[in-house]
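Thanks for asking me to take a look at this one. I have put my comments as numbered points so that you can follow them with the coordinates open.

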Amino acid sequence: MRSDTQVLFETYRQNVYAAAFSVCKNAADAEDILQETFLQYHQTNKQFDSEQHIRAWLLRVALNRAKDVYRKRKRRNETPLEDYMETLTFPSPESGALFSAVMALPEHYRSVIHLFYYEDYTIDEIAKLLHLTQSNVKVRLSRGRKLLKESLGEDWNDDE
Amino acid sequence: MTNKEKYKETFRVLQPDAEQWEVQPMKHNIRTFKTKRILAVAAVVVILAVAAVGAYAADVGGIQTTLKTWFHGREVDVDVSTGEDGEYKFEVKDENGEVTTAFGGGGVELGLFGKERKLSPQEVLDANNLDIVTNEDGRMMLYYYDQSYDITDLFSADGKCKVCLTDSSTGRDKTLYIDIELDNETGGYGYSTDYRAHGSKADYIWLDK
C-alpha cells in the first residue's frame, strides 16, 4: 500500500522531527532530515504492508540520516543545543531537566530511549526497526535508564 | 506521572518550524538577452517547475500590462505580454520607448509534494528580483532588489557558488540561500533560491554579513 505524502506529512511530521532531533541534537539539521525523509518517501516506489509499516520506515530513515549528520557534525565540534533549548517552552523545570539528561546520553542510547518512551515501540519492534538484536536493545535501554536515573534522581521513576 | 508520560510531555515541545514549511514560489526563468540562457537548476522542486512551466505559463490576455520590478539594482517598469510558446514576455524600455532588455519566463508555485499553481506575471517578476549578470569588466554581479554583490571570486573549481543573504522582502528577516552553477558548454548559468540550505549551511558564504 501507499499513502498520500501530504497526509503522512501532516500526521507524522512532529514524530519524525522529534526522532531526528533526539539523535542529531540540532534544529536546522532535524528540519533538513524531515524534508529529506518525506521526499525519499515521495520518490520511492516501495510498497508497504500498513500505515504502521510506513511510520516505522519513516522513523528508520530519519534516525539513520540523523546518525550520519550527528557524527559528521560532531567532528566539526558544533554545539548549538543550548541556544536552541532557550527557545523551547518546557511545561515544567523537570521537563527541561529530562530533555537535557536525554540529550546528554550517548547517541546509540538516545534513539532506543526515544522509540521506547515517545513512540511506544516494544523491544522487539525497536530491534526490527533499528536492525539490532533484542538483547542489544535491552542493554541500551537499561543503560540509558540507569544514566537518566543517575542524572534525574527522584524525577525519574523506577517504573519502565 | 509515569516516565513515558513525562518523556512525551517533554519531547512534545519539539516542533518543526512552521515557517520553514510555508509554500514558497519557485521559478523558472529563461532570459534571451546577451545570448545567455539560464539553465535548469539543481533542486528537485525547481526541476519540477522547469518541467511544468510550459503548461502553466498561460495567457495573460495578450497585450499588455505594465508592472514594476527590480532589474540590475534599479526599479523599472516592465511591459508584459504572452508569447506564442505560452511564456510571459517581459520588456524593459528606455525613456525613448526603445526596448533595452527583453526576457521571458514563467513559473509555478510548488506546494509540498507536487501540488502546483501557476504564477501570475507579477509573481514571476517578484521571484526574479534576484539577478545575475556578467558586466562589461567581466565581473559576475548578483543583484537583489537594490543590493549588488560581486560574486566572481566565490565560485569553486567545479563552477558552483553557494551564497546567502538576508531577505527582508516578506517583512521578516529570513536567510535566502542561493545556489549558482556555471555551464561551461553554453557559458550560461543556472541558479535556485530557497529559504532552506541545500546541504550544509556552513558551505554558504554570507554576502551581507
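The points below go from chain A, through the cores and the interface, to chain B.

1. A word on the source before anything else: this is a predicted model. Please read each value below as computed from that model.

2. Chain A is a helical chain, with eight helices and zero strands. Read from the N terminus, its elements run α-α-α-α-α-α-α-α. Buried residues account for 37% of its 160 residues. If you take the contacts in chain A between residues at least 6 apart in sequence, 68% of them join residues at least 24 apart.

3. The largest nonpolar core holds 44 residues, and the members that touch the most others are A:Val16, A:Ala20 and A:Ala62. Two or more residues come from each of helices H1 (5–24), H2 (27–43), H3 (51–76), H5 (93–103), H6 (107–117) and H7 (123–130) of chain A, and from helix H1 (3–11) of chain B. H1(A) gives the most, with 11 residues. At least three residues come from each of domain 1 (1–88) and domain 2 (90–154) of chain A. As general background, nonpolar side chains in soluble globular proteins tend to be buried together.

4. What does A:Ala20 contact, once its neighbours within four places in sequence are left aside? The partners are A:Ala30, A:Ile33, A:Leu34, A:Ala62 and A:Ala66.

5. H2(A) is worth a look for its geometry. The helix has 17 residues and reaches 24 Å from its first C-alpha to its last, close to the 24 Å expected at 1.5 Å a residue. Its buried residues are A:Ala27, A:Asp29, A:Ala30, A:Asp32, A:Ile33, A:Leu34, A:Thr37, A:Phe38 and A:Tyr41. When you view that list, keep in mind that an α-helix has 3.6 residues a turn, so residues three or four places apart point the same way.

6. On the interface, 28 residues of chain A are in contact with 20 residues of chain B. H1, H2 and H5 of chain A each supply at least two residues to the side of chain A that touches chain B, and H1(A) gives the most, with eight residues. By type, that side of chain A divides into 15 nonpolar, eight polar and five charged residues.

7. Chain B includes an open sheet of four strands in the order E14-E13-E12-E15, with mixed pairing. The edge strands, each pairing on one side only, are E14 (189–194) and E15 (205–206). Strands E12 (residues 160–167) and E13 (residues 174–182) run antiparallel and are joined by eight bridges.

8. Finally, B:Ser148, which belongs to strand E11 (residues 147–150) of chain B. Why is B:Ser148 classed as partly exposed? There are 16 other C-beta atoms within 10 Å, and a residue counts as buried at 20 or more and as exposed at 12 or fewer, so this one falls in between. Leaving aside neighbours within four places in sequence, B:Ser148 is in contact with B:Gly73, B:Met141 and B:Tyr143. B:Asp208 is 60 residues from B:Ser148 in sequence, with a C-alpha to C-alpha distance of 9.9 Å.

Definitions and conventions
Residues numbered from 1 in each chain as written. Chains lettered and ligands numbered in written order. Predicted model: local features only at pLDDT ≥ 70, side-chain atom pairs only at ≥ 80, totals over all residues. Core = buried A, V, L, I, M, F, W, Y, C linked by C-beta atoms within 7 Å. Domains from an automatic or database assignment. Contact = placed C-beta atoms within 7 Å. Nonpolar A, V, L, I, M, F, W, Y, C, P; charged D, E, K, R; others polar. Pairing = 2+ DSSP bridges. Expected span 1.5 Å × (residues − 1).
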